[in-house]
Amino acid sequence: MPQHIIEKFRHVFHTTTPIGNPDLPALPAVQAKPLRGGDEEKNGRIIVQNNQIFITPPLPGGKPAVISSVHPVVLNINRKTVTDPTEVTPTDRITWEICEKPQYQITVSEDKLKVYFTLYRAEKYAWKLASSPAAADVTVRAEPNCGLLLSTLTVDQIIAGFKKSSIMRDLNIPALYAELNNPTYLPVCIAEGKAPIPGKNARLELLFAEDREYEFIRTADPADFLNHPRVPFVQKGEVIARKLPAEEGVPGIDVYGGIIPSPPPQDIQLVTKECTTLLADGGIVSLRQGRPRLTGCGLNRKVFDFPQTYLVPGDTNPDAAKMMFPGDVVATNDIGNQTILEALGNVYIYGDVTHATITATGSIFVQGKVVSSQLYSGHYGARHNRLCMYSALLMKEMTSLRKASQQLANTVQSRQQTVKYGLVVMLLLESKYDHLPGLITDLQNVIAGMNPDYPIDTGQLRHMLEVFLHPGQFTDFFTDAVLSTFLRLLQDLHDAISGMQEENTRIDIASSQHSIIKSGGDLHVHKEGILHSQLFSSGDVRFVMNEAECTDSSVEAAGSISAQTVGKQSSEKSVLTAGNNITVRKICNSEVTIGEYTAKIDGTDEELVFTAQSLRLRNQAH
C-alpha cells in the first residue's frame, strides 16, 4: 500500500491509500467545533483537506488543538495509536490508516460439520479523508472514494485462502459463484462434513400384551383378576420377552477430514431374579405363571419379576385407611373416604373411588366412577408415593441444613474460635430448622407401614431418622460425613421407589367428578365422561362411549385426545391440550391447544380433527 509524506508548516503527516467500502453512506465534512471569541481564538487549529492533515500551533495564552477519529480511521500520534481525543502540536508526527471490516468471513460450525461463507462486499474502493475547515477540535472521518475501484472479489481469491486447509477438497464452488453473482449477504454453506450415524441402544421386545380395548368390568370372581382380559398372563416356560442387543453406529467426518466417533449405544442391565432366566439368544423365559412385571421405566436397569397380590377383604371398610403394598392390589368393593392406597404395581378396583388418593407405579383400573379423588399411575404414581414425596422433601431440607451448618461453622472458625459441628447442627435444628422433626416423623410413620417385601432395606435409614429426632443426645456423633450419609440413604429410598415404575402403564375409569387423574401412559374413560376434573396423560386420552361428555374440565395429553362431546354453553369452558392432534364429535365453549397454537371454539355439531397446522390456519383466518 503506497504511503506519502507531507510536510507543511513544520508538520509531518503519514497518509495511506486505503481500501474503500461502497456500502457506507456518504459522510459529511469532518465534524469540527466552531471558533469562538476570547482566548479560544488563540488555540491551535487543525485543517483536513485533500487527504492531508494540517496543524497550526496555539498563540500565546492559547491551547493546543485536539484531534480524534471515528471508525474506520485509526490515528497514530508519534507511532502510538490513540483512541481518545488528544492534544497535538506541529511537532507531533501524525499518521492515519483505515481499519475496515474484511470483504468476507469464513466460519466453521461448533460441531465442525459445516463451513459458512458470509459476503460483506465484493468491491474494494480507496478511502479519502473528509475535508474539514480550520477548527480547534476536529474528529477525523473517512469516506469511500467510489471513483477509485481497487479490486473486485473473485472466487479464485477465496479459494486461495483454503489452499493450506483440508476443507479445500469438499468446497462447494458453485455456491461461491452464486453468492458473488447474486449477493444475499447471508451465511452460505460452502462445505459439509458427514455427521455420525447413531447406533441403536439395547432394548427389550415384550412378547406379552394386554387387551387394551377391553373395558375393565367385574368378572365372576374378582379375586381371580389374573383371568381378566385386561391383565397379561403368562405360563411357566413361556418366552415373555427378548433382549435386542445394542448396535454400533457409523463414525462421521468433519470438514477438516477428522473422524467424529459415533455416540456409544447404551446397553440394558437386565435383572431377571429367580422367576425368569435369560437365554443365550436374548430370550427371557418365565419360570412361573402369573402377571409379568417389567420395572425401571426410563432407566437402563430393567427388572423382570412377578408381583405379589394383596386382596382387600370384602368385609373390610377401607374408609380412612392407609394401605401400602409392594405389588398389585385388588379391591372388590368401593374405596371410601380419606383412603390412601399406595401400590408398587397395578391397582384393580371393582367399585367406585370417593374422596381417596391412589398411587400406583403400574396401572390403575377402576370399574366405577371416581369422585373427589386423586389417581396417579406410572411415573406420577412413583412421584406421589409418600415414600418418594417425604424423602425428596427431607433431602431438600437436609441439604439446606448441611449448607447452613457449614457456613455457620466456617464463620465461627474465621473468628479464631472453635465449635463442635454437632452443636451447630443442634442449634439450627432448634431454630431455623425446627420444622424438620415433623417431616422426619412423617417419613418414620410411612416407613413403619412397609413390609419386608419392599425393594429396599431401611434399617440404617430408620436409625438415622431416630438420631435426628434427638439431636441433643448425639452432638458428638454429628459430622458433615454423617449428614452426607443421611442424604445418601434418603436418595436410595427415593430411587428404589422411582425404579419401580412399570412400562406401558395406563389408567382406566368409568367416569370422574371433581378429581385429578394423572397417567404415566394412556388414559381411557369408558362411560359417562368427566365433570369438573383434571386429566393428564403421558400418552393418549380416549373417551370411549359415544355419549361421553367432557364438561368444565381440562384434559392434557402428550400424544392425542379422542373425545366425544366437549363443553356446554351453560358451564365454564373446557380446555383440551395435546401434543399431536385432537378429535371431537361435538364441541362448544371450549379451548384447544396443540403445540404453540390455541383456538377458542364457540360451538359446532360436526366432527373435527385439530392439528397444529389446522389451528395455525384457523388463527390466520380469524
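In the predicted model, aspartate 480 forms a salt bridge with arginine 402, with 2.8 Å between the closest N and O atoms. Aspartate 480 belongs to helix 8 and arginine 402 to helix 4 (residues 386-414), so the pair ties together parts that are 78 residues apart in sequence.

Aspartate 476 counts as exposed, at 62% relative accessibility, whereas lysine 420 is partly exposed, with a value of 46%. Salt bridges with shared partners also join Arg291, Asp328 and Glu502 into one network.

The count of salt bridges comes to 16, among them the one in which the side chains of aspartate 281 and arginine 242 meet at 3.5 Å, N to O. Here aspartate 281 lies in the loop between strand 24 (276-278) and strand 25 (283-286), and arginine 242 in strand 20 (residues 239-244), so parts that are 39 residues apart in sequence are tied together. Aspartate 281 is exposed, with a relative accessible area of 51%, while arginine 242 is partly exposed, at 27%.

Tyrosine 310 lies in strand 28 (residues 309-312) and phenylalanine 325 in strand 29 (residues 322-325), so the contact ties together parts that are 15 residues apart in sequence. Tyrosine 310 is partly exposed, at 32% relative accessible area, whereas phenylalanine 325 is buried, at 10%.

For phenylalanine 468 and phenylalanine 478, the ring centres are 4.9 Å apart with planes at 45°, so that pair is tilted. Phenylalanine 468 lies in helix 7 (residues 459-469) and phenylalanine 478 in the loop between helix 7 and helix 8 (480-498), so the pair ties together parts that are 10 residues apart in sequence. Phenylalanine 468 and phenylalanine 478 are buried, and ring pairs link Phe468, Phe474, Phe477, Phe478 and Phe486 into a cluster.

Charged groups also lie over aromatic rings: the charged end of lysine 101 sits over the ring of tyrosine 120, 3.9 Å from its centre, and lysine 518 lies over the face of phenylalanine 536, at 4.9 Å from the ring centre.

Conventions. Residues are numbered from 1 along each chain as its sequence is written. This is a predicted model: local features need pLDDT of at least 70, side-chain atom pairs count only at pLDDT 80 or more; totals for chains, interfaces and linings use all residues. Side-chain values use heavy atoms; hydrogens and water are left out. Helices (H or I, at least four residues) and strands (E, at least two) are DSSP runs, numbered from the N terminus. Buried means under 20% relative accessible area, exposed over 50%, partly exposed in between (1.4 Å probe, protein chains only). Rings of Phe, Tyr and Trp (its six-membered ring) pair if their centres lie within 6.5 Å; planes under 30 degrees apart count as stacked, over 60 as edge-to-face and the rest as tilted. A charge sits over a ring if NZ of Lys or CZ of Arg is within 6 Å of the ring centre and within 35 degrees of the ring normal. A salt bridge is a side-chain nitrogen of Lys or Arg within 4 Å of a carboxyl oxygen of Asp or Glu.
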